[in-house]
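Good morning. Please have the sequence and the structure open as we go.

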Amino acid sequence: MGNDLLARRERLLGPNVPTFYARPVEIVRGQGSSLFDADGERYLDAYNNVAHCGHCHPRIVKAICEQAATLNTHTRYLHEGILDYAEALLGKFGFDGQLLMTCTGSEANDVALRMAQAVTGKRGFIATDNTYHGNTTAVAHLSTRRPPIGGWPDHIRRVPAPDSLAPLGGSREAQPEAFAANVAQAIAELEESGHGFAGFMLCPIFANEGMPGIAPGFLDPTVEVIRRAGGLILCDEVQPGFGRIGSHFWGHEWLGFTPDVVTMGKPMGNGHPVAGLVATPDVMAAFRNAFGYFNTFGGNPVSVAAAMETLRVIEDEGLQENAAQVGDYLLQGLRELSHPLIAEARGFGFFLGIELAQDGEPASEAAGRIVEAMRERHVLMGRVGRAQHILKIRPPMVFNRADADEMLEKLAQSFEELPA
């Protein structure tokens, strides 16, 4: 059945919807931190943060069903539930903001770019050199893992991301100033080209760049450079937001700076297609005057019901605290794993990584082998980094100590099979 299903998928969906793993899994059900295949076999999900509160959380499922049976239409009508959610979400920010809801994180990031252009009157943007911000044409040009057809547009500048194997400036201590200097150079190039500098979009924990070993304050010199140049800081919280890093509700809080725009993705509604962005009132006003915006689905009552219940579950079940406690426990276990190719285990809460290297160079093939070996042991995970050499651990926020122990045991077994 598996091979038949794969052949049918390839025939009907084509090559643009790839599957995970060399031997794909047919998933038919999810519950909590577990996924189940068509044969009833259980898999521990340490891969996907979209089901932020766990797969099919009963409270969120109930909220979606009840609202879908009552009203499912766009936000140009008055609806108190939308305002209740906006009030609750905005209360999680340390600055005065307003909410605009979209369907996906890609769309939220796209709108954020237009906001920066509206405020500054410029069109040039900066991103790091191995990041991902989405699939629309505009943000695809900032998703720098793969160059677009025809090369990089002239209004985009890429700066090297922080790197644990080859730190900017020659050492981790020198990285903050070296990173800021590269941003300043990119801004100068954009100004000289005539595009000007509109903004810098980044993930505050550099998730797709491999969660390099940075610390609070890392971006302080860069923030100063951006503010001096008059550009906006566009903070992509699709991956680190909503308490995933444990110590803070948002990644930018942990780093210690205030962005102009914060974008969020589908974890906002536990996987329901709802996303959004929060910006200061002056940014919102400038965007409205320059562009305007309407989305027939973003922020409709069903989306809002999913998002509101997700926010409540995070709070009621202490999921941020769970991410901090179990995440620390898991990170300690990862650091106790022993293998010559393990360069470093690091991360934040429930966003952790193990960097594999040999003689100071990325061990990409070994990382791929571990991911496949874990899949055979029924634990799902991925890999990131400039050479796909960093094992990525990003489980639902209901992941517990028993889940962590299971993962650590199977990781140890997988590493034992890996040649040195």
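Start with helix H12, residues 364-376, and helix H13, residues 401-417: their axes come within 9 Å and cross at roughly 125°. That angle makes H12 oblique to H13. Keep in mind that this is a predicted model. As for handedness, H12 passes H13 in a right-handed crossing.

Why quote both an angle and a distance? Two packed helices are described by the angle between their axes and the distance between the axes.

Now the residues that touch. On the H12 side they are Ile 370, Ala 373 and Met 374. On the H13 side, these meet Met 407, Lys 410, Leu 411, Ser 414, Phe 415 and Glu 417. Sorted by class, the contact of H12 with H13 has 6 nonpolar, 1 polar and 2 charged residues.

Next, the cysteines. How many disulfides does the structure hold? The count is 0.

Take Cys 56 as one case. The closest cysteine sulfur to its own belongs to Cys 65, and it lies 10 Å away, so the two are too far apart for a bond. A disulfide needs the two sulfur atoms within 2.5 Å. Cys 203 is in no disulfide either, and its nearest cysteine sulfur, in Cys 235, is 7.4 Å away.

Are these two cysteines buried or exposed? Cys 56 is partly exposed, with a relative accessible area of 45%. Cys 203 has 6% relative accessibility and therefore counts as buried, since the cut-off for buried is under 20%.

That is the end of my part.

Key: Residues are numbered from 1 along each chain as its sequence is written. This is a predicted model: local features need pLDDT of at least 70, side-chain atom pairs count only at pLDDT 80 or more; totals for chains, interfaces and linings use all residues. Side-chain values use heavy atoms; hydrogens and water are left out. Buried means under 20% relative accessible area, exposed over 50%, partly exposed in between (1.4 Å probe, protein chains only). Axes are lines fitted to C-alpha atoms, for helices over the stretch in contact, and angles run from 0 to 180 degrees between N-to-C directions. Helices (H or I, at least four residues) and strands (E, at least two) are DSSP runs, numbered from the N terminus. Angles under 35 degrees count as roughly parallel, over 145 as roughly antiparallel, 65 to 115 as roughly perpendicular and the rest as oblique. A crossing is left-handed if the near helix is turned anticlockwise from the far one by less than a right angle, and right-handed if clockwise. Contact means heavy atoms within 4.5 Å. Ala, Val, Leu, Ile, Met, Phe, Trp, Tyr, Cys and Pro count as nonpolar, Asp, Glu, Lys and Arg as charged, and the others, Gly among them, as polar.
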